[in-house]
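Let's take a friendly walk through a protein model. Have a look at the picture first, and then we will visit a few places together.

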Amino acid sequence: MSSRSRLPEPALSRPAPSPSAPSPSAPRTVSLVTLGCARNEVDSEELAARLTADGWELTSDGDASVVLVNTCGFIQAAKQESIAELLSAAESGAKVAAVGCLAERYGAELAGELPEAQVLSFDDYGEIGARLDDVLAGRRRPAHTARDRRALLPITPAQRQPAVRPAPLEDPAAPWVGPGGGVFRRRLSGGVVAPLKIASGCDRRCSFCAIPSFRGAFVSRRPPEILAEARWLAAGGVRELVLVSENSTSYGKDLGNLRLLEEVLPDLAATEGIERVRISYLQPAELRPGLIEVIASTPGVAPYFDLSFQHASGRVLRAMRRFGDRQRFLALLDQIREQSPQAGVRSNFIVGFPGETAEDLRELELFLSHAGLDAIGIFGYSDEDGTEAASLPGQLDEAEISRRVGEFAGLADELMAQRAESRLGETLDVLIEEEAGDDPSGGFLGRAAHQAPEVDGVTTVRSPAPALQLAAGDVVRAVVTGSEGVDLIADVKPR
């Protein structure tokens, strides 16, 4: 493995794991820790539902008999966080199991370096209750050998789907279950926003990304299944659905309909109780005019474009095995804003890619300065095991990558603040999530259509006397009167 991408070393001073097994009467209690992205959140809720069905008691207390850590293996920092969480769980005296991307990606290698934890595969999810029974009893199963999961499905997308997959039954009072009794999902947190997985896997071959190798080939969920889960979430108080996948613009290609997302979005937005549907993880090269139109103009669908640009230099993008350049990306943004002038746009960018020159950085700077993005994420390149980019010439040292990250992160903060300020005077529909406890005016915190949960800014809504009584899940129309960095301040618009 590359010295910059290898699995982080476990702490050398940690105590040796105890070989003792718990007594037969040890409680079957489990604490579920989730790291990483919204897709992992959905995976954890599916695991929670299966564990509940198998008689395990979910607890957030520190005295759980088993801690199940859903790890992230995206970049080096995420790997380090996952390993630190596993070690911390082991220090509590609980039995520990690792699932998720890091566990799947490294398998037996992770188990060898981290004997504190039982390492489980995606293939163990269907029997997760039995696997944790083994963990609790001290029965150590051999960890899986990591493999390229893309090889598990046909290369041709149309051959990946079974002929018939029944939609799940709905039961708002319980975890969501399917026709055969299989449990699908149990929410682990409240709130009026929830992710909804529409697909898994990815067929793209970006030279810097290892995700397809351990997440597998792209597979869409069928519309009846997605719509049934949306109704189940709405019945539980959810008001905004955030559609997640590794690549939402590919949705439907394995079902024989590349325009299926355009057809499903209006149905999701029409779900009773749902105020807003938001789409994440869009690939610019696959963003069709018809999809832009549906996102920009469908009532109940947020005019929000989470676009994976990654860079703006055509030369760097080609080395990344991606498409586009500064001019094409700016033209795409013009096309979006012609249909929805207030549309929100966010994107992530990698700096320090092998061979990146000052001219490449200038292209990125020019793009960011003209793009008017609401949210910008800047990440430093790091080698990832098994990727083409790890062997490219022109590798930069960590100090130079860090310098570039700092420079562009500062620029991003400045540009995002300018974009927020440019929204002064706009009228927004704000989904209320909670009271702004430290606001002396008694305001409320919420998010407008251009603000995704957790990754973007928030809007503080204030109401002139007499104060308007609002609750989580309400949608209120407000006028932007101020900004603080990426966050907005808005006053309720008089009726």
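## A first stop: Arg 105

In which helix does Arg 105 lie? Arg 105 belongs to helix H3, residues 101–106; helices (H or I, at least four residues) and strands (E, at least two) are DSSP runs, numbered from the N terminus. Arg 105 is buried, with a relative accessible area of 10%. Here buried means under 20% relative accessible area, exposed over 50%, and partly exposed in between (1.4 Å probe, protein chains only).

The side chain of Arg 105 makes a polar contact with the side chain of Glu 384, at 2.8 Å. A polar contact is a pair of N or O atoms within 3.5 Å; within protein, one must be able to donate a hydrogen and the other to accept it, and residues adjacent in sequence count only if both atoms are side-chain atoms. Leaving out residues up to four places away in sequence, Arg 105 also touches others, including Phe 74, Phe 214 and Asp 385; contact means heavy atoms within 4.5 Å.

## How to read the model

This is a predicted model, in which local features need pLDDT of at least 70 and side-chain atom pairs count only at pLDDT 80 or more, while totals for chains, interfaces and linings use all residues. Residues are numbered from 1 along each chain as its sequence is written, and side-chain values use heavy atoms, with hydrogens and water left out.

## Helix H8

Seven of the 10 residues of helix H8 (residues 260–269) are buried, so the rest of the structure largely encloses this helix. Among the buried ones are Leu 261, Glu 262 and Val 264. They pack against strand S8, helix H7, strand S11, strand S12 and H9.

## Helix H11

Now to helix H11, residues 326–339. Its buried residues are Arg 326, Phe 329, Leu 330, Leu 332, Leu 333 and Ile 336.

At the N-terminal end, Asp 325 caps H11, with a side-chain oxygen 3.3 Å from the backbone nitrogen of Gln 327.
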